[in-house]
Structures are given as C-alpha cells and as structure tokens.
Amino acid sequence: MSVDYELEINKIKEYAKNENIPIMQDEGIEFLKSFIEKKQIKNILEIGTAIGYSAIMMAMVNQDIHITTIERDETRYLEALKNIKKFNLENRITLIFNDALNITLPDKYDLIFIDAAKGKNIDFFHQFENNLDTDGYIITDNMGFHGYVEMDEALLPSKNIQSIVRKIKDYIYFLENNMLYRTVIYKIGDGIAVTERR
Ligand code: SAM
C-alpha cells in the first residue's frame, strides 16, 4: 500500500504540537533540506531525534541519504520508530536509543546536525567532532531560542530560560572564536549555525 507522505507528515506535526514536542520550524527544515541537496550530503548524524520528523524530512531529500539519529527519551524514541516504519525508511534511518553524551560512534559523517538539549551544544560538539568528515559540516539549531538570545537578560521570563540563553551565548562565542572551525549563523527558523573546518 502506498503512503500519503504529506498526510503522514502533517500527522507527525500535529502529534508534536499536541504533545508539546519541539520539532524544527518549517523555515529551518527547508533550509536544512536545500543545504543537504546543494552540498550533496550523504551520511548524516543527528543528535536529538524527538519523534523522527527532521530525520524523515532529511531522508526524503534523496534515496542515497543515510541517517543515524540519537534520542534519549523512550516514549519519543518509540514514536520515532513507528514513524520511520510508516515511511519505509528503516533501511536508511538508524535510530539509537541512548544519551548522546554516553556513546561514541565509529563512523564518519558529512553532516552532524545538533538539535538536542540547548545548553549542551558544546558537549555534543566535542563528543562527535571526530566523527566529522574532513569536508563535513556541523549544523546547530536554536541559536536564537525563540528570540530570547537577543533579548535583554533582565527581561527574560525565568531563571531557567536565563540559564539556557547564557549557554547558547557561550556556544556562539565558542563557535565564533574557534581557530579550527568557521561558523555562519543564519536568522532562519529558530536560528541556525553552519560550521565547517577552516
Ligand atoms: N530534531 C527533531 C526534529 O526537528 O524533528 C527535534 C529534536 S527536539 C528539539 C530535541 C530532542 O533531543 C528531545 O526529544 C530530547 O529528548 C532529545 N535530547 C536532549 N538531550 C539529549 C541527549 N543528551 N541525548 C539524546 N537525546 C537528547
């Protein structure tokens, strides 16, 4: 039986909305898809699967793409498994149920997409930078964090948000002052950083 992809994607988006699961914004996912196409990306590592939305969208760019994606929340991991099956993408998307900071991987990737705990980006970067191909890219989402990163700190609604904003700013500083990597941050979706080796 053939799958109505558009309908299934809309169902995943609806589920994410109802269950309060953050997934990539439309603008961000469109950027990611065209980046993958333009740079002819084939092997992707994603940190932060949630329910598989971005992994499925990236895999659908073309048939040659393989994705390894890591999720530590069991309910989300199980939902992602179901969704990936629905799209018949089990052969091209490998799901790992674990805390990304607890595992090391043997393979190289031409794109590492970081979209997990916003305060842990530096840790994820270090954990997986050895898995980056020489000419590969690291893309990180949520650099703007719903506009909070540009706001005056005193106006931020909670201590928790203040703490996340500080960590995102630390990550931006880390990227922009890195002698080994060069980064461009795009004001697209929730803010996307594209990093490559110098
Ligand atoms: N990339 C997904 C998409 O656009 O469809 C959205 C991912 S969501 C923003 C972030 C996910 O990262 C959450 O489901 C969370 O459980 C997961 N996460 C956070 N920290 C993690 C870690 N250390 N290891 C694995 N997964 C993590």
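How many nonpolar, polar and charged residues does the shell around the ligand have? The shell has ten nonpolar, four polar and seven charged residues, where Ala, Val, Leu, Ile, Met, Phe, Trp, Tyr, Cys and Pro count as nonpolar, Asp, Glu, Lys and Arg as charged, and the others, Gly among them, as polar.

The structure is a predicted model, in which local features need pLDDT of at least 70 and side-chain atom pairs count only at pLDDT 80 or more, whereas totals for chains, interfaces and linings use all residues. Residues are numbered from 1 along each chain as its sequence is written, and side-chain values use heavy atoms, with hydrogens and water left out.

**Figure 1. The shell around the ligand.** The ligand has 21 residues around it, of which Met 24, Ser 54, Glu 71, Arg 76 and Asp 115 come nearest; a residue is near a molecule if one of its heavy atoms lies within 4 Å of it. The space that the ligand takes is the largest pocket. On a 1 Å grid over the protein atoms alone, a pocket is an open set of points with protein on both sides within 12 Å along at least five of seven lines, while a cavity is a set of points where a 1.4 Å probe fits but cannot get out; lining residues have an atom within 4 Å of a point. A molecule sits in a cavity or pocket if more than half of its atoms lie within 2 Å of its grid points. Two or more residues of the shell are given by each of the elements α3 (53-59) and β2 (66-71). Helices (H or I, at least four residues) and strands (E, at least two) are DSSP runs, numbered from the N terminus.

Figure 2. A nitrogen atom of the ligand lies 2.8 Å from a backbone N or O atom of Gly 48. For Arg 72, a backbone N or O atom is 3.3 Å from a nitrogen atom of the ligand. The side chain of Asp 115 has an N or O atom 2.8 Å from a nitrogen atom of the ligand. Of the 610 Å² of accessible area that the ligand has on its own, the protein covers 95%. Accessible areas come from the Shrake-Rupley method with a 1.4 Å probe; for residues, only the protein chains shown count as cover.

**Figure 3. Thr 69 in strand β2.** Thr 69 lies in strand β2 and is buried, with a relative accessible area of 0%. Buried means under 20% relative accessible area, exposed over 50%, and partly exposed in between (1.4 Å probe, protein chains only). The side chain of Thr 69 is joined to that of Glu 46 by a polar contact of 2.6 Å, and to that of Thr 49 by a polar contact of 2.7 Å. A polar contact is a pair of N or O atoms within 3.5 Å; within protein, one must be able to donate a hydrogen and the other to accept it, and residues adjacent in sequence count only if both atoms are side-chain atoms.

**Figure 4. Asp 73 in the loop between β2 and α4.** Helix α4 spans residues 74-86. Asp 73 is partly exposed, at 31% relative accessibility. The side chain of Asp 73 reaches the backbone nitrogen of Thr 75 at 3.1 Å and the backbone nitrogen of Arg 76 at 2.9 Å. From C-alpha to C-alpha, Asp 73 and Gly 48 are 9.4 Å apart in space, and 25 residues apart in sequence.

**Figure 5. Gln 40 and Ala 50, two residues with positive phi.** Gln 40 is found in the loop between α2 (26-38) and β1 (43-47). Phi of Gln 40 is near 50°, although Gln 40 is a residue other than glycine, and at 58% relative accessibility Gln 40 counts as exposed. Ala 50 belongs to the loop between β1 and α3. Phi of Ala 50 is positive, at about 50°, and Ala 50 is buried, at 10% relative accessibility.

**Figure 6. Strand β5 and the loop that lies between β5 and α6.** Thr 140 is in strand β5 (residues 132-140) and counts as buried, at 0% relative accessibility. A polar contact of 2.8 Å is made between the side chains of Thr 140 and Tyr 171. Asn 142 lies in the loop between β5 and α6 (159-176) and is buried, at 11% relative accessibility.
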